Amino acid sequence: MKKIIMILSFLIIIAVGFLIVKKDQSDSTTDVMKNNNSTTDVLENTEYSAKDILANADFNVEKQTITVHTIDTDKKDIFTRIEIPEETQKKLIQAFQNAKFAKTTIDPIEYDYRITISLNTGYTMYLISDKKSLHIVNNRENYAIVNDSDFFSILVNATK
C-alpha cells in the first residue's frame with residue numbers, strides 16, 4: 001500500500017510540474033502575440049549594412065545569384081520558384097548590398113517571399129515585401145530595410 005501511495009504521489013508531482021511548464025510556455029506565446037501589434041517595430045536606431053547582417057558575406061565574388069520563391073500558404077506546395085533573369089539578379093544583389101537595415105520584429109505569418117542570395121555562401125531569408133522587412137535564417141535575426149535602394153520595387157516587378 002505504501003508503494004502505491006508513493007507512486008501516486010510521484011506521478012502527481014510530475015503532472016503538476018508538467019502543467020506548470022506548459023502554462024509558462026503558453027503565457028510566453030500569448031505575450032508575444034499580444035505585443036506583436038506591428039510587424040516592423042524598429043528595435044533600435046542603429047543602421048546596419050548588408051555585410052553587417054550577412055555573416056562573412058563577400059559581395060566581390062565572381063558568381064553571384066539570387067533564387068526567389070513566392071510563398072502561398074493556401075497551396076499544398078507553398079513555395080513557387082520564380083525565374084529571375086541574370087541582369088535582374090545583379091540589380092537585386094546590388095540593391096541589397098547598398099541597402100541599410102535596422103533590427104525589428106516580424107510576424108512570420110506575413111512572409112511572402114523566400115530568397116537565397118548566393119555569394120561566397122548561401123544566405124536564405126524570408127521577406128515581407130509590404131513591410132520591407134526580412135528574417136535571415138542563418139542568424140535568426142529580423143531586420144527592416146530603412147533604405148532599400150529599390151530592392152523591393154525590383155523584386156516585386158521581377159515576380160509579376
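**Before you start**

The model is predicted: local features need pLDDT of at least 70, side-chain atom pairs count only at pLDDT 80 or more, and totals for chains, interfaces and linings use all residues. Residues are numbered from 1 along each chain as its sequence is written, and side-chain values use heavy atoms, with hydrogens and water left out.

**Whole chain**

Show the cartoon. The chain has 4 helices and 8 strands. Helices (H or I, at least four residues) and strands (E, at least two) are DSSP runs, numbered from the N terminus. Read from that end, the order is α-β-α-β-β-α-β-β-β-β-β-α.

Of the 160 residues, 32% count as buried. Buried means under 20% relative accessible area, exposed over 50%, and partly exposed in between (1.4 Å probe, protein chains only). Contact means heavy atoms within 4.5 Å. Among contacts between residues at least 6 apart in sequence, 67% join residues at least 24 apart.

Areas come from the Shrake-Rupley method with a 1.4 Å probe; for residues, only the protein chains shown count as cover.

**Stop 1: the N-terminal patch**

Select M1, I4, I5, I7, L8, L11 and I14. Together they make a nonpolar surface patch of about 730 Å². Patches take residues with over 30% relative accessible area and no salt bridge; like charges are joined within 9 Å, nonpolar side chains (Val, Leu, Ile, Met, Phe, Trp, Tyr) within 5 Å. I14 lies in helix α1, residues 2-34. I14 has a relative accessible area of 44%, so it is partly exposed.

**Stop 2**

Strand β1 (48-49) runs antiparallel to β4 (100-103), joined by 2 bridges. Two strands pair if DSSP finds at least two bridges between them. Y48 stands opposite F101 of β4. On to β8 (141-147): β4 pairs with β8 in the antiparallel sense over 4 bridges. Here F101 stands opposite I145.

Stay on these strands and show K103 and E141. They form a salt bridge, with the closest N and O atoms 3.6 Å apart. The pair links distant parts of the chain, β4 and β8, 38 residues apart. A salt bridge is a side-chain nitrogen of Lys or Arg within 4 Å of a carboxyl oxygen of Asp or Glu. K103 is partly exposed at 22% relative accessibility, and E141 is partly exposed at 26%.

**Stop 3: the other salt bridges**

The structure holds 3 salt bridges. Select E83 and R81: their closest N and O atoms are 3.5 Å apart. Both residues are exposed.

Next, E86 and K90, joined at 3.9 Å, N to O. Both lie in helix α3, 4 residues apart, about one turn of the helix. E86 is exposed at 55%; K90 is partly exposed at 48%.

**Stop 4: H69**

Select H69, in strand β2. Its relative accessibility is 15%, so H69 counts as buried. Leaving out residues up to four places away in sequence, H69 touches F79, T80, R81, D112, Y113 and R114.

**Stop 5: helix α4**

Finish on residues 151-158. In α4, F151, F152, I154 and L155 are buried. Look down the axis: the buried residues fall within an arc of 160 degrees, so they line one face of the helix. The arc is that of the directions from the helix axis to the C-beta atoms. Their cover includes β2 (65-71), α3 (86-98), β5 (113-118), β6 (122-128), β7 (133-136) and β8.
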